[in-house]
Amino acid sequence: MVDKSKYALLLFALFLSVVAALEKKEDSITFKARVIVDNKLPSGQNFTIHCKSKDDDLDVHTILPNDIYTFHFYNNFWGTTLFFCRVTTSYGQGVYDLYKFKRDKKRCSVCVYRVTKDGVYAVSTEPGRYDFIFKWE
Ligand SMILES: *[C@@H]1O[C@H](CO)[C@@H](O)[C@H](O)[C@H]1NC(C)=O
């Protein structure tokens with residue numbers, strides 16, 4: 001005699017293992033990226049940074065002189081990953097896209113920025129070169 005509830009349980013277990021396998025697969029398609037923001041403000045000044053994505057709020061952090069702020073994440077399956085950050089200094093402030101999958105997937109998997117009195121520089125693909133990209137508002 002067939003016990004229907006046992007079949008239901010078995011089916012449910014099978015369903016869960018398929019879901020788990022799919023999630024693992026998605027992890028291998030997506031890749032990890034990292035953002036690093038370093039403090040190059042003159043005369044030992046701090047800045048604050050507040051990064052967010054659609055799903056994450058990374059909170060406000062105070063970055064001390066010559067210190068760095070860093071976070072990492074997995075790009076989502078849809079290629080719509082976007083992290084935007086409010087950077088506040090005594091010279092000015094602004095909200096900038098520090099990681100945008102469509103713009104940055106080829107440019108960097110470790111995306112380095114430098115906060116200065118003029119604004120924010122991005123590390124160029126040429127070694128040792130920084131490009132000025134964001135002026136304070
Ligand atoms: C920078 O932040 C630290 C810790 O919050 C604080 O003690 C220090 O006074 C700040 N320095 C400046 C120049 O604002």
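The model is predicted: local features need pLDDT of at least 70, side-chain atom pairs count only at pLDDT 80 or more, and totals for chains, interfaces and linings use all residues. Residues are numbered from 1 along each chain as its sequence is written, and side-chain values use heavy atoms, leaving out hydrogens and water.

**The sheet**
- Four strands form an open sheet in the order β3-β2-β5-β6, with antiparallel pairing. Strands are DSSP runs (E, at least two residues), numbered from the N terminus; two of them pair if DSSP finds at least two bridges between them.
- β3 (57-63) and β6 (93-100) stand at the edges with a single partner strand each, so one side of each has no neighbour in the sheet.
- Strand β2 (residues 47-52) pairs with β3 over five bridges, in the antiparallel sense.
- T48 stands opposite T62 in β3.

**The largest pocket**
- Its lining includes three residues from β5, the largest share.
- The lining divides into five nonpolar, five polar and three charged residues. Ala, Val, Leu, Ile, Met, Phe, Trp, Tyr, Cys and Pro count as nonpolar, Asp, Glu, Lys and Arg as charged, and the others, Gly among them, as polar.

**Residue S124**
- S124 lies in the loop between β8 (119-123) and β9 (130-135).
- S124 counts as buried, at 11% relative accessibility (buried means under 20% relative accessible area, with a 1.4 Å probe and protein chains only).

Notes:
Buried < 20%, exposed > 50% of the residue type's maximum accessible area, 1.4 Å probe, protein only.
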